[in-house]
Amino acid sequence: MSSTTRSGDIAEMSFALRAKQKKFAVLTPFSNSSAYDLVLDTGKRLLKIQVKSTIQEKSKTSFKVNISRGFKKQYSYKENEVDYFAIYIVKIDKFFIIPFSEITKISVYLSPENENHKYTKYLENWEQLNE
């Protein structure tokens with residue numbers, strides 16, 4: 001198993017555990033052919049979640065993550081494939097939970113310590129999943 005696969009598995013399990021602790025039902029697809037990794041049942045709706053993780057630092061306070069499918073050739077996700085991206089920042093052991101509509105590029109930079117950063121409002125923002 002590659003280190004990329006291992007870190008992806010750890011991120012998915014970590015997200016599932018935290019979701020269960022927050023009283024969400026967590027469903028997993030039968031195969032790896034789905035664009036999403038998990039489905040959350042909020043009690044009101046089913047949400048398709050794609051989990052990503054990163055250890056790649058752009059700087060001491062900023063992290064880069066690739067939001068794409070495929071290894072040799074990268075593809076963007078389509079709107080009907082994913083509702084949210086759960087991006088696990090390994091170094092700080094936290095998730096950015098970002099709606100699909102907010103991701104506009106294949107690479108995203110996240111700055112958890114910068115309150116004015118575009119994505120900071122999504123850091124550990126589990127409440128939005130119940131809206």
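Predicted model: local features only at pLDDT ≥ 70, side-chain atom pairs only at ≥ 80, totals over all residues.
A residue is called buried here when its relative accessible area is under 20%, exposed when it is over 50%, and partly exposed in between (1.4 Å probe, protein chains only). Residues are numbered from 1 along each chain as its sequence is written, and side-chain values use heavy atoms, with hydrogens and water left out.

Let's start with the whole chain. It has 1 helix and 8 strands, where helices (H or I, at least four residues) and strands (E, at least two) are DSSP runs numbered from the N terminus. Walk along the sequence and you get α-β-β-β-β-β-β-β-β. The radius of gyration is 14 Å, close to the 14 Å that the globule rule gives for 131 residues, so the chain is as compact as a globular protein of that length. For that comparison, the radius is taken over C-alpha atoms, and the rule is 2.2 Å times the number of residues to the power 0.38. Along the principal axes, the C-alpha atoms fill a box of roughly 40 × 35 × 25 Å.

How much of the chain is buried? Of its 131 residues, 39% are. Contacts (heavy atoms within 4.5 Å) also say something about the fold: among those with a separation of 6 or more, 51% are between residues 24 or more positions apart.

Now back to Val 65, which sits in strand β5 (residues 62-66). What does Val 65 touch, leaving out residues up to four places away in sequence? The list is Lys 52, Ser 53, Thr 54, Ile 87, Ile 106, Ser 107, Val 108 and Leu 110. Take Lys 52 from that list: Lys 52 and Val 65 are 13 residues apart in sequence and 7.6 Å apart in space, C-alpha to C-alpha.

Gln 50 belongs to strand β3 (residues 46-54). It lies 15 residues from Val 65 in sequence and 13 Å from Val 65 in space, C-alpha to C-alpha. Is Gln 50 buried or exposed? Gln 50 counts as buried, because its relative accessibility is 5%. Setting aside residues up to four places away, Gln 50 touches Ala 35, Tyr 36, Asp 37, Tyr 77, Val 82, Tyr 84, Phe 85 and Ala 86. The Gln 50 side chain reaches the backbone oxygen of Ala 35 at 2.4 Å, and a polar contact of 3.4 Å joins the side chains of Gln 50 and Tyr 77. A polar contact is a pair of N or O atoms within 3.5 Å; within protein, one must be able to donate a hydrogen and the other to accept it, and residues adjacent in sequence count only if both atoms are side-chain atoms.

Tyr 77 leads us on to Phe 100. The two are 23 residues apart in sequence and 8.7 Å apart in space, C-alpha to C-alpha. Phe 100 is in the loop between β7 and β8 (107-110), yet it counts as buried because its relative accessibility is 18%. Beyond its neighbours within four places, Phe 100 is in contact with Tyr 77, Lys 78, Glu 79, Val 82, Asp 83, Tyr 84 and Phe 85.

Finally, a look at the backbone. Most residues other than glycine have a negative phi. Lys 23, in the loop between α1 (3-21) and β1 (25-27), has a positive phi near 75°. Lys 23 is exposed, with a relative accessible area of 74%. Asp 93 also has a positive phi, near 55°, and is found in the loop between β6 (84-89) and β7 (94-99). With a relative accessible area of 38%, Asp 93 is partly exposed.
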